[in-house]
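Welcome! Take a look at the sequence and the model below, and then we will walk through a few spots together.

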Amino acid sequence: MICTCTRTDLNDAVKFAAKAVAEKSPTPIISGMYMRAAGNTLEIQANNFSLGIIAKIPASVEVEGETAFLAKGFPDIVMRLQGDTVTIAQKDEDNFVTITSEAATFSLLTMKAEDFPKVKSQETLKSFRISSPVLKNAIRRTVFACAKENDARPIFTGCCFDIQGNDIFIAATNTHRLSIVKSTIPDAVDELKFIVPAATLKSIVPMLEYRDTENFTTIEYSGKYVTFNFDFFTVSSRIIEGQFPPHDKVIPASTSINVVADVGELRKVVERVELVSKETEYNTIRFVFTQDGIDISSEAHEFGRAEEHISADVDGADIDISFNVKYILDVLRVLESDTFRIGLNQPLYPVDIREVGNDDFIYVLTPVRTTG
């Protein structure tokens with residue numbers, strides 16, 4: 001195999017594919033990368049069985065062929081090369097693949113390419129297209145609300161994709177909060193619902209940003225797997241099995257207290273008060289809503305106290321309520337409007353947070369019970 005490609009293309013492809021490399025595996029081939037040069041394309045694969053990524057980049061192929069090698073260190077090698085182009089070569093009888101750019105040459109020990117578990121094409125049961133920028137934005141505004149990967153309830157460690165005709169709802173929850181985005185797709189699909197691991201979606205976001213392309217992503221559902229196809233990349237992920245709770249049942253049917261506040265101002269205040277709240281046992285921050293605005297405070301008995309006031313439009317009775325500060329900051333950092341609305345009922349009832357004039361993004365947050 002002998003082929004030449006640009007260092008920029010190779011660096012991007014390797015960086016993205018590396019997300020599917022198994023970090024620790026008793027089988028070395030799973031911790032490797034696979035390359036195949038054919039036609040005018042260099043294909044790079046990584047596959048840990050839960051997540052598989054294929055990256056294809058333009059290449060000048062002198063001799064077609066395939067190879068596999070341990071991925072450890074390879075992304076760093078490519079990133080630090082200085083030349084504009086990179087030549088990748090391996091002779092049939094050689095156990096090394098060489099990577100050459102300007103005066104630098106690296107020789108990596110290879111493994112049998114035929115032993116590499118290539119990303120398989122799954123039988124597609126349903127598929128649909130979604131605007132890549134729309135998908136990227138929906139992931140950004142939901143995936144942060146997923147439970148951590150070590151959570152005992154796997155269904156909460158991913159985002160639920162719920163397609164109903166031309167509407168797609170992407171939702172995430174860790175049972176203490178829910179983030180949901182509604183978008184539209186160009187072609188209607190019969191009812192379809194599946195859960196994609198948060199790790200998969202986080203790995204996709206940089207690819208959706210690749211060269212700021214304004215195209216569509218095709219999503220193929222295959223029962224146990226879902227495949228994302230866009231530009232030069234294909235991502236195949238195992239679906240999380242289980243029944244995601246009905247997200248519409250969590251959203252408060254109505255709110256008796258409605259507050260409109262400035263996103264940027266409140267975010268800066270919360271970031272300041274967080275310096276104290278992170279010293280509390282449960283990262284608690286207190287909000288007191290009155291006709292005069294919002295008093296934000298936190299007190300750590302062995303550290304100190306912080307308090308600040310901002311103006312806000314409060315429609316309804318006064319209310320005193322506390323939250324996990326991280327859960328508040330997470331949503332304030334993804335809101336895109338200048339102002340937002342907080343809908344409340346009672347101190348321990350779920351809170352409904354939305355952008356003013358936009359009901360396509362909803363964030364529901366459960367308050368923290370405090371003592372004293």
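Leaving aside residues up to four places away in sequence, Arg177 touches Phe144, Ala145, Ala172, Lys326, Tyr327, Asp330, Tyr363, Val364 and Leu365; contact means heavy atoms within 4.5 Å. You will find Arg177 in strand S12 (residues 177-197). Arg177 counts as buried because its relative accessibility is 4%, and buried means under 20% relative accessible area with a 1.4 Å probe, protein chains only. A polar atom of the Arg177 side chain lies 2.8 Å from the backbone oxygen of Phe144.

## About the model

This is a predicted model, in which local features need pLDDT of at least 70 and side-chain atom pairs count only at pLDDT 80 or more, while totals for chains, interfaces and linings use all residues. Residues are numbered from 1 along each chain as its sequence is written, and side-chain values use heavy atoms, leaving out hydrogens and water.

Now find helix H3 (residues 132-140) and helix H4 (residues 198-208), whose axes come within 10 Å and cross at roughly 140°. Ser132, Leu135, Lys136 and Ile139 of H3 make the contact with Leu201, Ile204, Val205 and Leu208 of H4. Of these residues, six are nonpolar, one is polar and one is charged.

## A mostly covered helix

In helix H1 (residues 7-17), eight of the 11 residues are buried. Among them are Asp9, Leu10, Val14 and Phe16.

Notes. Axes are lines fitted to C-alpha atoms, for helices over the stretch in contact, and angles run from 0 to 180 degrees between N-to-C directions. Helices (H or I, at least four residues) and strands (E, at least two) are DSSP runs, numbered from the N terminus. Ala, Val, Leu, Ile, Met, Phe, Trp, Tyr, Cys and Pro count as nonpolar, Asp, Glu, Lys and Arg as charged, and the others, Gly among them, as polar. Buried means under 20% relative accessible area, exposed over 50%, partly exposed in between (1.4 Å probe, protein chains only). A polar contact is a pair of N or O atoms within 3.5 Å; within protein, one must be able to donate a hydrogen and the other to accept it, and residues adjacent in sequence count only if both atoms are side-chain atoms.
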